[in-house]
Amino acid sequence: MTFQSNIRRSSSYQSVQKNSHVLSANPYDLVAILFSELRDNLDLMIESARRKDHGKLFEFRAKALSILNGLDESLDFQSAGELAQTLHSIYTEAGRRIQAEVGASFIQRVESAREMLHEIEKAWMAIAPGR
């Protein structure tokens with residue numbers, strides 16, 4: 001068995017494991033999974049920017065923005081009112097920073113977005129049932 005086939009097999013197992021977690025997750029856990037995936041993609045985006053691998057950077061950016069958009073679309077403005085509006089504002093600002101032009105301050109902008117979102121993730125984990 002080759003190294004490449006081992007990598008593909010490992011990736012497949014990870015994908016199956018992730019899918020099974022999603023399928024069995026309650027709504028709180030689903031949001032936690034989204035935050036974790038978002039954080040991972042932002043980390044990979046930053047790493048790709050440092051390596052100047054723009055292809056991967058844009059791939060991870062697209063994934064991060066898709067997750068962020070999903071979190072934003074799931075906000076319930078009727079029930080959560082001002083809190084939902086505050087989260088929407090934070091998600092919008094984080095998205096703006098993630099979409100910043102690749103240049104001198106790009107990594108710092110993405111890191112600041114990651115920190116903003118990590119604070120929300122920590123708060124979410126603190127209120128999630130069973131934590």
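Me: How do α2 and α5 cross, and at what angle?

Reply: Two packed helices are described by the angle between their axes and the distance between the axes. In this predicted model, the axes of helix α2 (residues 27-51) and helix α5 (residues 106-127) come within 10 Å and cross at roughly 160°. Axes here are lines fitted to C-alpha atoms, for helices over the stretch in contact, and angles run from 0 to 180 degrees between N-to-C directions. The helices are DSSP runs (H or I, at least four residues), numbered from the N terminus.

Me: Are α2 and α5 roughly parallel or roughly antiparallel?

Reply: Angles under 35 degrees count as roughly parallel and those over 145 as roughly antiparallel, with 65 to 115 as roughly perpendicular and the rest oblique. That is why α2 and α5 are roughly antiparallel to each other. The crossing of α2 past α5 is left-handed (the near helix is turned anticlockwise from the far one by less than a right angle).

Me: Which side chains link α2 and α5 across the chain?

Reply: Look for E111 and R50, whose side chains meet in a salt bridge at 2.7 Å, N to O. E111 sits in helix α5 and R50 in helix α2, 61 residues apart. A salt bridge is a side-chain nitrogen of Lys or Arg within 4 Å of a carboxyl oxygen of Asp or Glu. By this rule the count is 11 salt bridges.

Me: How far apart are the axes of α2 and α3?

Reply: They lie 8 Å apart, and the two helices pack at about 155°. So α2 and α3 are roughly antiparallel to each other. From α2, the contact (heavy atoms within 4.5 Å) includes V31, L34 and F35, and from α3 it includes K56, L57 and F60.

Me: What about α3 and α4?

Reply: α3 packs with helix α4 (residues 77-98) at about 170°, their axes 10 Å apart. Therefore α3 and α4 are also roughly antiparallel to each other. Among the contact residues are R61 and L65 of α3, plus H88 and Y91 of α4.

Me: Which helix has the lowest mean pLDDT?

Reply: pLDDT is the predictor's confidence in each residue, from 0 to 100. Where pLDDT is low, the predicted coordinates should not be read in detail. Helix α1 (residues 3-23) has the lowest mean, 53, while helix α3 (residues 54-73) has the highest, 97. For the protein chain the mean is 87, and 80% of its residues reach 70 or more.

Key
Residues numbered from 1 in each chain as written. Heavy atoms only, no water.
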